[in-house]
Amino acid sequence: IAALSRNVMCEIMSFLGMSSAAILFDLEKFFDTVHPLVQIERCRLTSYPDRDLQFALQQHMAPRVLQVAGISGDPIQISNGILPGCLHSKPFTAALNNETIIDCNVIDNLETFGYIDDVVQISFHEQVDKVVEACIKGAVKISNSFKKLKLIISPKSATVASSSAVAKQIV
């Protein structure tokens, strides 16, 4: 639904004669690379309940055992990561990304939002240079934030724009 609403908004803005661009950030091996100390720090900033955090971290950091046809392998010790699909994984990712998204939303003509490991920055304006400027400022800011969080931007990330000329200026 989020992608559909973005596409509809871009079409409307294009119809109104505005330029638009979006940077679609994908985080590489997101669930496997979340550092526990960073997660604890971010959860504490959002007033995540201590007891829930302690319980969730025990689950997320416990050794994992792979099973095939009823046969168990050796335990694998986990040093990073969160379990996708766990009750706590969505609040964990929200705690991790919220400050980053809020920080980027102060940039003029740029809206930043995310869902789990996908973060989108989108800009609309009558002037192409305002769109390009907003996207570049946002990309630099979010890249620095991800670096501090020890997260890696995937090469699968992409830039889309209302014209190839706008996209080329951003990339």
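Is arginine 44 buried or exposed? Arginine 44 is exposed, with a relative accessible area of 51% (buried means under 20% relative accessible area, exposed over 50%, and partly exposed in between, with a 1.4 Å probe and protein chains only).

The model is predicted, so that local features need pLDDT of at least 70 and side-chain atom pairs count only at pLDDT 80 or more, while totals for chains, interfaces and linings use all residues. Residues are numbered from 1 along each chain as its sequence is written, and side-chain values use heavy atoms, leaving out hydrogens and water.

An open antiparallel sheet is formed by four strands in the order E4-E5-E1-E6 (strands are DSSP runs of E with at least two residues, helices runs of H or I with at least four, numbered from the N terminus; two strands pair if DSSP finds at least two bridges between them). Strands E4 (111-115) and E6 (158-161) are the edges, each pairing on one side only. Strand E1 (residues 19-26) pairs with E6 over four bridges, and leucine 24 has alanine 158 in E6 as its bridge partner.

Four salt bridges are counted (a side-chain nitrogen of Lys or Arg within 4 Å of a carboxyl oxygen of Asp or Glu). One of them joins lysine 156 and aspartate 26 at 3.7 Å, N to O. Lysine 156 lies in the loop between H6 and E6 and aspartate 26 in strand E1, so this pair ties together parts 130 residues apart in sequence. Lysine 156 is exposed, at 67%, whereas aspartate 26 is buried, at 14%. Arginine 44 meets aspartate 50 in another salt bridge, at 3.5 Å, N to O; aspartate 50 is partly exposed, at 41%.
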